[in-house]
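Please look through the structure below before reading on. The text then goes from the whole chain to a few local details.

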Amino acid sequence: MLRQVCCSGFQPFRQRLLPWLQSTALSRSHRVQSSAIRHVRSWSNIPFITVPLSRTHGKSFAHRSELKHAKRIVVKLGSAVVTRGDECGLALGRLASIVEQVSVLQNQGREMMLVTSGAVAFGKQRLRHEILLSQSVRQALHSGQNQLKEMAIPVLEARACAAAGQSGLMALYEAMFTQYSICAAQILVTNLDFHDEQKRRNLNGTLHELLRMNIVPIVNTNDAVVPPAEPNSDLQGVNVISVKDNDSLAARLAVEMKTDLLIVLSDVEGLFDSPPGSDDAKLIDIFYPGDQQSVTFGTKSRVGMGGMEAKVKAALWALQGGTSVVIANGTHPKVSGHVITDIVEGKKVGTFFSEVKPAGPTVEQQGEMARSGGRMLATLEPEQRAEIIHHLADLLTDQREEILLANKKDLEEAEGKDQVTGRRLAAPLLKRLSLSTSKLNSLAIGLRQIAASSQDSVGRVLRRTRIAKNLELEQVTVPIGVLLVIFESRPDCLPQVAALAIASGNGLLLKGGKEATHSNRILHLLAQEALSIHGVKEAIQLVNTREEVEDLCRLDKMIDLIIPRGSSQLVRDIQKAAKGIPVMGHSEGICHMYVDSEASVDKVTRLVRDSKCEYPAACNALETLLIHRDLLRTPLFDQIIDMLRVEQVKIHAGPKFASYLTFSPSEVKSLRTEYGDLELCIEVVDSVQEAIDHIHKYGSSHTDVIVTENEKTAEFFLQHVDSACVFWNASTRFSDGYRFGLGAEVGISTSRIHARGPVGLEGLLTTKWLLRGQDHVVSDFSEHGSLKYLHENLPVPQRNTN
């Protein structure tokens, strides 16, 4: 049973404590900070949730995703996190945010402990204030005001600063935790407390009792009396570590208390393979024991006792003792407000220490392989890339039985309940998940179309210009780089996207939904088999690690374009999560069909049926039917309604349509709804202009259709509707790369730059400029130079369209 947010048994204790807090924490040196403390509660943007936590301490967690099960957590706050940039006083706003996150986790039922620095910096602030006050009074009495400007602050001894700052630091923590109905307790330790068996048992018992009473222990080295660390006494075994700084203290405490997770917050993002800030320094996502040789450590942080090397040694020691460790940045203003909760939620933050190496490459390594493989792919001859695609098309039909067997396994698992959510896969997603012989045959045909159209895709000359004599400029097509395609329940998407990436010379990272694991695995193997015939197998990578989509979207140095294929929610989540990486796609497919007053009776029902009922889960399926007011209560209108009833389409009435009916269908909740099922909104408009206005207001700029026999009205609609695809007397379902003759598509884009509508091969290319000269310099073209600009357009080689 989870503990409550507030333990009523502690209320008398807190009531006795509050007067002391008010007199101590908000004393002369804290009154300036009190307004920030009073507003701690209002900063909270982390929802309170309770999670069932049960874990037997033993081995450390193998994967980040398991950190959400951590029950007992130690958070170590480095000096750089707690102190201000001037190293004199505390970073109060940052500290309040950390207290908030610790309180949220404590109130979820976890057992939180803090190992904190800051006493020296806090004491330095107080002592400097006292010295300045004392000197100013003394010099004012004896030397006059002119001497005040020449006062110098003496060097303050660290132990004296710690003695002066410890009580104030603790009072500050108490005042902050009180805002969340949480009690905190201070424990000061030295190295001797761990080496003396009796003291060690006493410390262990005290900490366990505090945790049992829902109190957050705040632990620090007793810097007022701590002796220097003994040389060469570190890391001689699980039971021996010299407590010479708060890194080693946090590691020792974590192992002693059998904690599940140690979070070490510093002023760097985590562990880098070389000193942060140096050329080619890369953040290490997961660090394994034995990897120390591959890391070059820099200098220690601006404050504190230990550098990154000390943190790594302490982290590995804790890991050996069964505690998982994450080193992360606790000072960055954009992440410090949620860094602790993000780590516990399993997000990709900082460096995670793990004893379990994955069987395959990391996603970062896959990104590098896709980059180098894509560059090799782009250098192949067009005929060689086409040969790879033809071979993949042949494999889809030759290995049909193996593919369908893997897909059957996916379908069987999807029809059962998910072990995590307890829910079955929705019917539209099940339909997308299913493969068939006809689907595989259609895929093979589409791939051969891509192969045929790829002959002059990469390296095609778009423009030639003679800048000057013997100085010629060309603009040519080149691959974008590395594509990340994230798709749900669509295994047929994998070979389509793979073929387009091959044809365009792009490296490719694929992240499929877990519901299609078996299908995706065999299709990826076939793609790599096809690539192998020209030695570029690594150009296409399938991400099989436990990487969350949000984490993949942060790999801005490895990925050049993200293409989501799935639900509108998936697309919205990716657009929100992508940091510095363009996203190609559409968040919704709210497609409209306007039935004009001059529409053909014979055409309307066929077009509506095909657009809505042929594949209602598709993004290009009809969602809103706009009917001209003059058609109400006509045989044409009755035929539409009758057909929808026969097809078992649920009708939602728009506000104007509902006003015309005595007994109307259920009124639509929103006119901006993508149903993705056999449901349809019907609304009434008075004119083609009102239909256009409705589409612009409620549509998603995907695909919109007019049904009319009046050519003038149709052309007006085609020219004025601002959508990626606008049709006249044709089904919305034609909005598709294969049906457009593109062979396949990576998706449908509703953005207004680069590519729009179904995105095929052309949409995966960009350009670069090639300038060929003979010792040309810009100064030759100056006012007194010997050369003049010509800027002559030159003929472009004709494109091969066969």
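What follows is a short walk through a predicted model.

Start with the protein as a whole. Its secondary structure comprises 25 helices and 24 strands. Of the 802 residues, 51% are buried. Among contacts between residues at least 6 apart in sequence, 75% join residues at least 24 apart.

Next, consider helix α17, which covers residues 493-504. Its 12 residues span 17 Å from the first C-alpha to the last, close to the 16 Å expected at 1.5 Å a residue. Because 12 of the 12 residues of α17 are buried, the helix is largely enclosed by the rest of the structure. Among these buried residues are C493, P495, Q496 and S504. After the helix comes G505, with a positive phi near 75 degrees.

The aromatic rings come last. A pair of aromatic rings is described by the distance of the centres and the angle of the planes. The structure holds six aromatic pairs. One of them is formed by Y173 and F177, which are stacked at 6.5 Å centre to centre with 25 degrees between the planes. Both residues belong to helix α6 (residues 158-178) and sit four residues apart, about one turn of the helix. Y173 and F177 are both buried.

F637 and F657 form an edge-to-face pair, with 5.9 Å between centres and 70 degrees between the planes. This pair links distant parts of the chain, 20 residues apart: F637 lies in helix α22 (residues 635-646) and F657 in helix α23 (residues 655-659). F637 and F657 are also buried.

Note on methods: Residues are numbered from 1 along each chain as its sequence is written. This is a predicted model: local features need pLDDT of at least 70, side-chain atom pairs count only at pLDDT 80 or more; totals for chains, interfaces and linings use all residues. Side-chain values use heavy atoms; hydrogens and water are left out. Helices (H or I, at least four residues) and strands (E, at least two) are DSSP runs, numbered from the N terminus. The expected span of a helix is 1.5 Å times one less than its number of residues. Buried means under 20% relative accessible area, exposed over 50%, partly exposed in between (1.4 Å probe, protein chains only). Contact means heavy atoms within 4.5 Å. Rings of Phe, Tyr and Trp (its six-membered ring) pair if their centres lie within 6.5 Å; planes under 30 degrees apart count as stacked, over 60 as edge-to-face and the rest as tilted.
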